[in-house]
Amino acid sequence: MASSKPVIPQNDNVAHALAGAGGGILSMVLTYPLITLSTRAQVESKRAETPFLAAVRQIVAREGVSGLYAGLDSAVFGISVTNFVYYYWYEWTRGFFEDAAARAGRASKKLTTVEAMIAGAIAGSATVILTNPIWVVNTRMTTRRGQVEDEVKSEAAGGVEKKKKQPSTLGTLMALLRDEGPQALFRGVVPALVLVINPILQYTLFEQMKNAYERRRKRNVTPTVAFFLGAIGKLFATSVTYPYITVKSQMHVAADGEKREGMTAAIRRVIKEEGYAGLYKGIGPKVTQSVLTAAFLFAFKDVLYEQTVKLRSTLAKKALKA
């Protein structure tokens, strides 16, 4: 397998994008219950917080096991689009810098730390603008905001609670547009743009660790090594940026009639009401999920990339023969 590595082209943007999308889908499906628990913790008030295992039992008792996967369809669509756009632009920018390095006669075409950060910023910004509406819908579905509020009101009034059917992605989107207008789809875009620093930190650290490993071992990273390097990169990035993730989730579920808050005001409000710990609600399952997702993604991506290139090459040859 190692001898076949050099013949795999490394500049196929579409193949990288497809591999990233596929790896993202697989890792998302494997870790989605942790996303549900983390997202709900981020938007709950302090008095509603529950320990991890208690939260799992509460969701399963109220909604069944499917409650842990609320919004999975929109999340899978979102991660596939997000990763496709991100990796396409990241690899395009990487190719630009590598060509520039070759023209300048630089000894190594590997991205420098600054170049890796610029590539991540360009790819991340493009991804946020194009995919924020998807994640707004997903956050609404994951938190089941309207349904939970109705259930609480029903219980408070002593009425008979009727379990509502989990809303569909399309139904959530149409209700959002009808009740709050198209601008609601871009709630939280400012903290999301700030959070572009998350993949910048993650991928820059991953690339530098990968380059160091390959220089020392004189061979490409294996999927197992990529798994652990990806986990380390994501652990660092998520720990640094988590307060903004919390604020972004709260902005996503803010109803149309509620007072609009800027990012700074939202952070101040959380600190005032709940202390600094409020900015880190749900960090346990979120960090676990993020680290596992990134680790699986990096482990899957190179394998999927090679298979995608080979498949496209095979299809191209068949087309020429026809």
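The legends below describe close-up views of a predicted model.

**Figure 1. Overall make-up of the protein, with 11 helices and 0 strands.** From the N terminus on, the order of elements is α-α-α-α-α-α-α-α-α-α-α. The protein has 322 residues, and 46% of them count as buried. Among contacts with a separation of 6 or more, 82% are between residues 24 or more positions apart.

**Figure 2. The largest nonpolar core, made of 19 residues.** Tyr 90, Tyr 203, Val 221, Leu 229 and Phe 298 have the most contacts inside this core. At least two of its residues come from each of the helices α3 (72-103), α4 (113-143), α8 (197-217), α9 (223-252) and α11 (283-321). Another core lies apart from this one and has 7 residues, including Val 247, Met 263, Ala 266 and Ile 267.

**Figure 3. Surroundings of Leu 229, one of the residues with the most contacts inside the largest nonpolar core.** When neighbours within four places in sequence are left aside, Leu 229 is in contact with Phe 206, Met 209, Lys 210 and Val 221. Val 221 is also among the residues with the most contacts inside the largest core. Phe 206 is buried.

**Figure 4. The edge-to-face pair of Tyr 203 and Phe 298.** The structure holds 16 aromatic pairs. In the pair shown, the distance is 5.5 Å centre to centre, with 65° between the planes. Tyr 203 belongs to helix α8 and Phe 298 to helix α11, so the pair ties together parts that are 95 residues apart in sequence. Tyr 203 and Phe 298 are both buried.

**Figure 5. The pair of Phe 206 and Phe 298, and the cluster around these rings.** The ring centres of Phe 206 and Phe 298 are 4.0 Å apart and the planes are at 15°, so this pair is stacked. Phe 206 in helix α8 and Phe 298 in helix α11 are 92 residues apart, and their pair links distant parts of the chain. Phe 206 and Phe 298 are both buried. One aromatic cluster takes in Phe 206 and Phe 298 together with Tyr 86, Tyr 87, Tyr 90 and Tyr 203. Of these, Tyr 90, Tyr 203 and Phe 298 are also among the residues with the most contacts inside the largest nonpolar core.

**Figure 6. The largest cavity, with a volume of about 1,000 Å³.** A search of the whole structure finds 1 cavity of 30 Å³ or more. The lining of the largest cavity consists of 41 residues. Those nearest its centre are Ile 79, Trp 135, Lys 234, Lys 248 and Lys 286. By type, the lining residues divide into 17 nonpolar, 21 polar and 3 charged. The helices α1 (13-43), α3, α4, α8, α9 and α11 each supply at least two residues of the lining.

**Figure 7. Val 240 in helix α9.** Val 240 has a relative accessibility of 44% and therefore counts as partly exposed. Leu 201 stands 39 residues from Val 240 along the chain, and the C-alpha atoms of the two are separated by 9.2 Å.

Conventions
Residues numbered from 1 in each chain as written. Predicted model: local features only at pLDDT ≥ 70, side-chain atom pairs only at ≥ 80, totals over all residues. Heavy atoms only, no water. Core = buried A, V, L, I, M, F, W, Y, C linked by side-chain atoms within 4.5 Å. Buried < 20%, exposed > 50% of the residue type's maximum accessible area, 1.4 Å probe, protein only. Helix = DSSP H or I, 4+ residues; strand = E, 2+ residues; numbered from the N terminus. Contact = heavy atoms within 4.5 Å. 1 Å grid on protein atoms, 1.4 Å probe; cavity = no way out; pocket = protein on both sides within 12 Å on 5 of 7 lines; lining within 4 Å. Points joined across faces, edges and corners; volume = space filled by probe spheres on them. Nonpolar A, V, L, I, M, F, W, Y, C, P; charged D, E, K, R; others polar. Phe/Tyr/Trp six-rings, centres within 6.5 Å; stacked < 30°, edge-to-face > 60°.
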